[in-house]
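Subject: Structure handover

Hi,

Here is the structure I promised to pass on to you. Have a look at it first, and then read on for what I found.

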Amino acid sequence: MSIWSKLNPKNFFTKEEITILLFLILFTIGGVILKNFNLIFQVEKPKNQFENTDIDSILVAVFSDEKIDKSETIINPKRDNSLKKQSIDLNKATVEELSKLPGIGEKTAMKIIEYRQRFGGFKKIEELMRVERIGQKTFEKIKDYLIITK
């Protein structure tokens, strides 16, 4: 009597079906053993170098139909993470410094400088909303990084 006839005495399954079932059972048991091994010995999973990055949030936003806040992403290579609150003087900042602000690109930075030269500088940071391309939302994002000196 063969192993197949012992496993299938009434010929309910073919040999191929029994082979597949045995493989699935063994695979499942192996998975349970590995999972328990990790729990018992506290094996740490290797950390993904891209875990919790802006790329993850972009992908989540794309696949979940959320709006992407481009000012907080790493798409702009000029973005400087060392930017401190109230660190940029609107009346003295260069294009490079202004481009580091969230939501401000090089063109907008040049518009800020043009406005500053045309009107003799800023007297209040709220005047920044008079510059083309800077609305209420952009202003709210950057106002904490700005100061004005005379």
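Helix H5 covers residues 106–119, and its 14 residues reach 20 Å from the first C-alpha to the last. That is close to the 20 Å expected at 1.5 Å a residue, where the expected span is 1.5 Å times one less than the number of residues. Helices (DSSP runs of H or I, at least four residues) and strands (runs of E, at least two) are numbered from the N terminus. Before you go further, please keep in mind that this is a predicted model, in which local features need pLDDT of at least 70 and side-chain atom pairs count only at pLDDT 80 or more, while totals for chains, interfaces and linings use all residues. Residues are numbered from 1 along each chain as its sequence is written, and side-chain values use heavy atoms, with hydrogens and water left out.

Back to H5. Its buried residues are Thr-108, Ala-109, Ile-112, Ile-113, Tyr-115 and Arg-116. Viewed down the axis of H5, these buried residues fall within an arc of 160 degrees, so they line one face of the helix; the arc is that of the directions from the helix axis to the C-beta atoms. Lys-107, Gln-117 and Arg-118, on the other side of H5, are exposed. For these labels, buried means under 20% relative accessible area, exposed over 50%, and partly exposed in between (1.4 Å probe, protein chains only). Helix H4 (95–99) is included in what covers the buried residues of H5. After H5 comes Gly-120, with a positive phi near 75 degrees.

Which residues have the most contacts inside the largest nonpolar core? They are Leu-90, Leu-98, Leu-101, Ile-112, Leu-128 and Leu-146, in a core of 20 residues. H4, H5 and H6 each supply at least two residues of this core, and the largest share, 4 residues, comes from H5. A nonpolar core here is a set of buried Ala, Val, Leu, Ile, Met, Phe, Trp, Tyr and Cys residues joined through side-chain atoms within 4.5 Å.

Three of these leucines are worth a click in your viewer. Leu-90 sits in the loop between strand E1 (88–89) and H4, and it counts as buried at 0% relative accessibility. Setting aside neighbours within four places in sequence, the contacts (heavy atoms within 4.5 Å) of Leu-90 include Leu-98, Ile-112, Phe-122, Leu-128 and Leu-146. Leu-90 and Ile-113 are 23 residues apart along the chain, with 8.5 Å between their C-alpha atoms.

Leu-98 belongs to helix H4 and also counts as buried, at 0% relative accessibility. From Leu-98 to Ile-113 it is 15 residues in sequence and 9.2 Å in space, C-alpha to C-alpha. Leu-128, not counting residues up to four places away in sequence, touches Leu-90, Ile-112, Phe-122, Ile-134, Phe-139, Ile-142 and Leu-146.

Now for the charged pairs. The structure holds 2 salt bridges, each defined as a side-chain nitrogen of Lys or Arg within 4 Å of a carboxyl oxygen of Asp or Glu. One of them joins Glu-132 and Lys-111 (3.4 Å, N to O). Glu-132 lies in the loop between H5 and helix H6 (136–142) and Lys-111 in helix H5, so the pair ties together parts that are 21 residues apart in sequence. Glu-132 counts as exposed at 52% relative accessibility, and Lys-111 is partly exposed with 27%. Glu-140 forms a salt bridge with Lys-143, with 3.0 Å between the closest N and O atoms. Glu-140 is partly exposed at 37% relative accessible area, as is Lys-143 at 30%.

One backbone detail to check: Arg-133, in the loop between H5 and H6, has a positive phi near 85 degrees although it is not a glycine. Most residues other than glycine have a negative phi.

Finally, the overall numbers. The protein chain has 6 helices and 2 strands, which run α-α-α-β-α-α-α-β from the N terminus on. Of its 150 residues, 25% are buried. Among contacts in the chain with a separation of 6 or more, 41% are between residues 24 or more positions apart.

Best wishes
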